[in-house]
Structure formats: structure tokens, C-alpha cells
Number of protein chains: 2
Amino acid sequence: MNDEKTTILRSDAARNIRRILDAGRATLRRNPQASVEEIARAAGLGVATVYRRFPTREELVRGVLEDIYTTSIAPALKDAENEEDPRSGVLLAFSAALHTASHEGVPIAAGMTMEIARSFIDPVSRLIRCAQQKGLMRADLDPEADTLRLLIMLLGVLPTLSPVSDGWNRYLRLVMDSLSLTPTEPLPPAEAVVDPFRHT
Amino acid sequence: MNDEKTTILRSDAARNIRRILDAGRATLRRNPQASVEEIARAAGLGVATVYRRFPTREELVRGVLEDIYTTSIAPALKDAENEEDPRSGVLLAFSAALHTASHEGVPIAAGMTMEIARSFIDPVSRLIRCAQQKGLMRADLDPEADTLRLLIMLLGVLPTLSPVSDGWNRYLRLVMDSLSLTPTEPLPPAEAVVDPFRHT
């Protein structure tokens with residue numbers, strides 16, 4: 001195969017993947033149970049083409065989730081790491097996660113894995129540790145165990161809000177306040193995290 | 001029917017209901033998808049007898065949940081209301097809810113309704129309001145909207161803990177700290193609660 005042909009095929013493949021991910025994101029947002037057939041139809045592609053790129057529905061959902069992460073969360077994390085006050089960085093990172101979850105809805109929960117969660121937890125944990133070192137956050141936080149749990153706690157508020165609302169902001173502020181205060185009593189020790197995303 | 005016969009029948013009915021609820025509680029704890037047939041077998045009763053008391057599976061699950069509430073949460077709420085410091089009352093009420101949820105598991109989530117939740121939210125909201133009036137909790141809390149959300153946030157931690165662990169206690173303390181501090185900035189306003197238990 002000559003180089004030109006290869007390039008055309010490659011860009012065709014990339015374009016199809018983009019169409020599948022965009023259609024998957026929109027379709028799953030409306031209907032978290034949407035089938036691969038529905039997503040293929042929304043993408044204007046044959047089911048076989050979709051299965052060639054994503055051999056199972058699970059892989060497709062994970063692909064959509066990774067795409068959401070790359071386009072909506074990763075840039076915010078980069079900004080967060082550049083904040084002068086690490087507390088602002090933590091606020092910014094959680095805000096991006098909650099804003100995205102409230103807009104994208106269920107794909108987040110359905111396809112979440114510890115691996116995707118890690119790409120959020122690790123940079124945020126570093127920011128919390130940095131804030132602790134500067135004396136800006138309480139010393140009894142255990143970022144490794146607490147970051148995921150704080151995120152899950154805040155995500156839990158979303159079903160009590162009207163869709164696409166930013167009412168989560170109130171509870172994020174409450175949590176941020178609890179991280180930054182000087183405790184009168186140290187917290188009980190943090191238990192190691194059990195993976196809550198095991199899909200049994 | 002003479003009085004004696006009626007009394008015997010009534011106590012038979014009460015005994016059967018007790019057996020169904022106990023079997024339901026134990027069976028659903030092990031397997032949240034358990035069928036009415038499985039629960040009847042565990043209770044040592046015929047399926048027809050179970051259906052006579054609880055005409056649908058949904059009513060049976062709700063019955064189990066109300067029984068859990070009555071035996072495990074209601075007495076703690078009574079104690080909570082007698083605490084001299086209303087903050088201790090709030091801590092005690094949330095502790096009872098989290099302890100019960102971590103021991104009873106999924107029936108809680110599966111059958112939860114706003115009506116059952118209300119019987120927890122209302123007394124806890126009163127305690128928070130009392131603490132606010134005494135200047136012991138921040139004035140910008142909106143107990144009516146916040147109590148349910150704080151409960152849901154804390155329940156969200158349970159799947160990250162090993163079963164029957166009391167590791168939730170750390171996050172309850174963190175939340176209690178955030179309620180009792182003097183805020184530097186008031187919280188954004190509370191959005192009205194959307195019922196998160198609508199089973200669609």
C-alpha cells in the first residue's frame with residue numbers, strides 16, 4: 001500500500017472513531033441503556049464499522065467516558081495544577097468533574113473504572129498534599145484515600161438537583177470549608193479504598 | 001367469629017408478618033434481587049401467605065425497609081432529640097443511619113422513598129435548626145434542603161469501604177466539622193430538592 005492510501009485510510013478510521021464517540025456521547029446522555037445499534041444509527045455508520053472500532057458495548061461506553069475525560073476534565077486538571085493557591089486548584093478540579101458529570105449524566109457512572117478515576121484522583125491528591133505542606137489544608141487529610149470519597153460524595157448530590165443545575169456548588173463549598181479549617185479533634189484514620197466501580 | 005378466635009387469628013397474622021419481615025431482611029441483605037418465592041421459603045411459609053400480607057414484591061421490600069427504620073433508626077432519633085447539645089444529636093442520628101445502611105445494605109437503596117426519608121430528615125432538620133439558633137452551627141445551612149443531601153453524600157462512601165466497616169465515621173466527622181465552623185464566606189443558595197428515589 002502506498003503512503004497516500006495509508007494516510008487516507010488512517011484519517012478515515014480517525015473520522016469514524018470521532019463520529020462514533022460523538023454519537024455515543026449524545027445518545028448515552030439521552031438514554032444510558034442505548035444499544036450499539038442505536039449509536040451506530042446516530043453516527044450514520046453500519047453496526048459492523050462500530051464493532052470494528054469497539055468490539056463490545058462495554059468498550060464503546062469506556063471509549064466515550066475516556067473521551068469525556070480527555071476533552072472536559074484533563075484540561076481543567078492542567079489549569080488546576082497551575083493555580084498559585086493549591087486550594088483553588090482543588091476547587092477547580094472538583095468543579096470540572098461535577099460540571100461534566102451533571103452535563104454528561106449516566107455514561108460517567110456506567111463505564112467508570114478505577115483506572116479512569118485514578119487520572120483525576122492522582123493530580124488532585126497531589127494538590128491536597130501541597131496545600132497541606134503549605135499549612136492551607138488540615139494535616140489529618142489522607143489524600144490517597146479521601147480524594148475519591150470526596151468526589152463520590154459530591155457526585156451523590158446530583159440526582160437531587162434539577163438537570164444541568166450548578167446546585168452542587170453549595171456542597172462543594174461546604175466540603176472545601178471542611179478541608180481548610182483547623183480541626184479541634186483529628187479525624188478517625190482513613191480506611192483503604194475498596195474499588196466501588198467493580199461491575200458485578 | 002367469637003373473640004377468642006379473632007385474637008388467635010390476629011396473633012397468627014402478626015407472627016407471619018414478623019417471620020416474613022425477618023426473612024426478607026436477611027434474604028435481601030444477602031441478595032438484593034431475591035424473589036418473593038425465596039423470601040417465602042426462608043420464612044418457612046407458602047408464597048400465597050406472603051402475597052396475602054404483601055401483594056407485590058415492591059410492597060414487601062418497602063415493608064422490610066420500614067421495619068429496619070422502626071427498629072434501628074427511630075430509637076436513635078428519639079435519643080438524638082434528647083441530647084443536650086443538638087450537634088451531638090445530629091451526629092447520633094447520622095451515625096445510626098450510616099451504621100444501619102452499612103449493615104443492612106441494599107434493601108435501603110432499593111426500596112427507599114421520599115416518605116421514609118422524610119421520617120429521618122424532619123427530626124434531623126429540627127436539630128440542625130436548633131443548633132443554628134444556639135449559634136452552634138453555621139447560619140447559612142438550609143436544613144430543609146441540606147439534610148437529605150448530607151445523608152446521601154455520606155451513604156455514597158459505603159461502597160468504598162469493606163463491608164460492615166465503620167470507616168464512614170471519618171467522613172461524618174469531616175461533614176460535622178463543616179457544619180459547625182464559622183464560615184468566611186456564605187454558601188451559595190440551596191436549590192430545592194428533587195426526589196432522587198423516583199424509580200423510573
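Predicted model: local features only at pLDDT ≥ 70, side-chain atom pairs only at ≥ 80, totals over all residues.

Colleague: Fine. What covers the buried residues of helix 9 of chain A?

Modeller: Of the 13 residues in that helix, 10 are buried, so helix 9 of chain A is largely enclosed by the rest of the structure. Among the buried ones are A:Trp168, A:Leu174 and A:Ser178. The cover includes helix 5 (86-104) and helix 8 (143-155) of chain A, together with helix 8 (143-155) and helix 9 of chain B.

Colleague: Which helix gives the most to the side of chain A that touches chain B?

Modeller: The rule finds 20 residue pairs in polar contact across the interface of chain A and chain B. Helix 8 and helix 9 of chain A each supply at least two residues of the side that touches chain B. The one that gives the most, with nine residues, is helix 9 of chain A.

Colleague: How much area do chain A and chain B bury between them?

Modeller: The contact takes 41 residues from chain A and 40 residues from chain B. Carbon and sulfur atoms hold 60% of the buried area, and the total is about 3200 Å².

Colleague: And is B:Ser178 buried or exposed?

Modeller: B:Ser178 is found in helix 9 (residues 168-180) of chain B. It touches A:Leu174, A:Ser178, A:Leu181 and B:Arg138, leaving out residues up to four places away in sequence. Buried means under 20% relative accessible area. B:Ser178 has 2%, so it is buried.

Conventions. Residues numbered from 1 in each chain as written. Chains lettered and ligands numbered in written order. Heavy atoms only, no water. Helix = DSSP H or I, 4+ residues; strand = E, 2+ residues; numbered from the N terminus. Buried < 20%, exposed > 50% of the residue type's maximum accessible area, 1.4 Å probe, protein only. Contact = heavy atoms within 4.5 Å. Buried area = accessible area lost by both parts, 1.4 Å probe. Polar contact = N/O pair within 3.5 Å; in protein donor to acceptor, adjacent residues only side chain to side chain.
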